[in-house]
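Here is a short report on one structure. Look it over, then read on.

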Amino acid sequence: MAMPPQGRQTSPTWLNGYGDIFKTHILGCPCVMISSPEAARVVLVSKAHLFKPTYPPSKEKMIGPEALFFHQGSYHSMLKKLVQASFLPSAIRGLVPEVEQIVLNFLPTWENTTINTLQEMKRYAFDVAMISAFGNKQDLEMKGIKHLYQCLEKGYNSMPLDLPGTPFHKAMKARKQLNETLRKLIQERRKLEKPEGGLLGVLLGAKNQKIDQLSDSQIADNIIGVIFAAHDTTASVLTWVLKYLHDNQDLLAAVTREQEGIQRKIIEGNRRLTWDDTRHMPLTTRVIQETLRRASILSFTFREAVQDVEFQGYYIPKGWKVLPLFRSIHHCADFFPQPEKFDPSRFEVPPRPNTFMPFGNGVHSCPGSELAKLEMLVLLHHLTTSYRWQVVGDEDGIQYGPFPVPKRGLPVKVTPRNIIKAAA
Ligand code: HEM
């Protein structure tokens, strides 16, 4: 049991209480749960150096120990700058035609079929993650990388039992092969005078920015990590967007009107969708914000106290886990009245500071937030203007895979919109 530091009174009721900050155990491990915006800010931003990110060793092994998620301090901030540089609006605005092309290739394959929304969104978000990681260069290795990734993913959330035949074992094998494939790709691209292509290009070019050249394994771990972080998250949010729009037909009609306005301009200008178009989608953007709040797919994150910490008059011993609870904050009626209601209009005014953190906060906040929003907007532009979707079955509920998503991944029947119009 934790002992308070010398000369300090700690309230035992706090440690066991159920207020904004309380103690509990997860799998026998003492954890401090944080559901006040101010306290979450202390952990994630102002005293972030006292709380390091913490992951199970099996996940670290699978993603790669040199990926930025697992680090603090100078190594983390050096990598974070590079990763952020790849996903700044100025870096991704040029991706719009490629993202749009991926959407235009996917949508016809959904026509008049029942799709598993989550699985299709995963395929879409994976393809976007691949071009943002490697650029649009179609190396022969890309197909192999995709296949190995699928094997890796199957074992990622399984029991970490490294015995022949287990999903974990197969995933670790795929991880080794992925490493080899990436190493070859990295070495080929190192030979190019100007290493082009997405995040890989930026990581290879690091030495030009007065940073020591990154090793092959540092580059591989970070590429694998970013693709991991990018696709399941975005796919889960997109699945919820489709669910909420389906369940709120008036909202779907309003979003469609907004997107048709953009479509008209595109047709008049005889051009394609642009980054600037995506900046003029206020209602669709609010639908995405409200989805991020309501679904809160990353319900919380894990930190660990790196030393004994005195925290807002309380005491957290070294080694204890600290969990900022994003979902609790996003669902607190003080900040979001009627929190269970899906109401994008609440984002017509900005939320109170530190109450809306779908992409985290502070040093470890998400570098991919702009890309995630961009790919959702591009997909919604084409989906709402050209298609309608009907949920198949009446099974309401949530499944975890690992993020919360609608039951069975939300099976929907997709039909071209003009057919519906004609039938109406
Ligand atoms: C809607 C989709 C997404 C959501 C909800 C999301 C959410 C988050 C959150 C909450 C964190 C912070 C975790 C923490 O503090 O422990 C995070 C970190 C991260 N995300 Fe995202 N993310 C999304 C999409 C993406 C995309 C598209 C990328 C890549 C392009 C990405 C790359 C990362 C990386 C690399 C980190 C680790 C940053 C660090 O440790 O410094 N994410 N994300």
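## Around the ligand

Of the 26 residues around the ligand, the nearest are Thr-233, Thr-301, Gly-360, Cys-366 and Gly-368. A residue counts as near if its C-beta atom, placed from the backbone, lies within 6 Å of the molecule. This is a predicted model: local features need pLDDT of at least 70, side-chain atom pairs count only at pLDDT 80 or more, and totals for chains, interfaces and linings use all residues. Residues are numbered from 1 along each chain as its sequence is written.

Helices are DSSP runs (H or I, at least four residues), numbered from the N terminus.

H11 gives the largest share of the shell, 6 residues.

## Cys-366

Cys-366 sits in the loop between helix H15 (326-330) and H16. The UniProt annotation "binding site", from an unreviewed entry, covers Cys-366. Such annotations may be inferred rather than shown by experiment. Buried needs 20 or more, exposed means 12 or fewer, and partly exposed is in between.

## The cores

The largest nonpolar core has 81 residues. A nonpolar core is a set of buried Ala, Val, Leu, Ile, Met, Phe, Trp, Tyr and Cys residues joined through C-beta atoms within 7 Å. H11 supplies the largest share of this core, 16 residues. Another core, of 21 residues, lies apart from it and includes Leu-44 and Phe-326.

Note on methods. Helix = DSSP H or I, 4+ residues; strand = E, 2+ residues; numbered from the N terminus. Buried ≥ 20, exposed ≤ 12 C-beta atoms within 10 Å, placed from the backbone.
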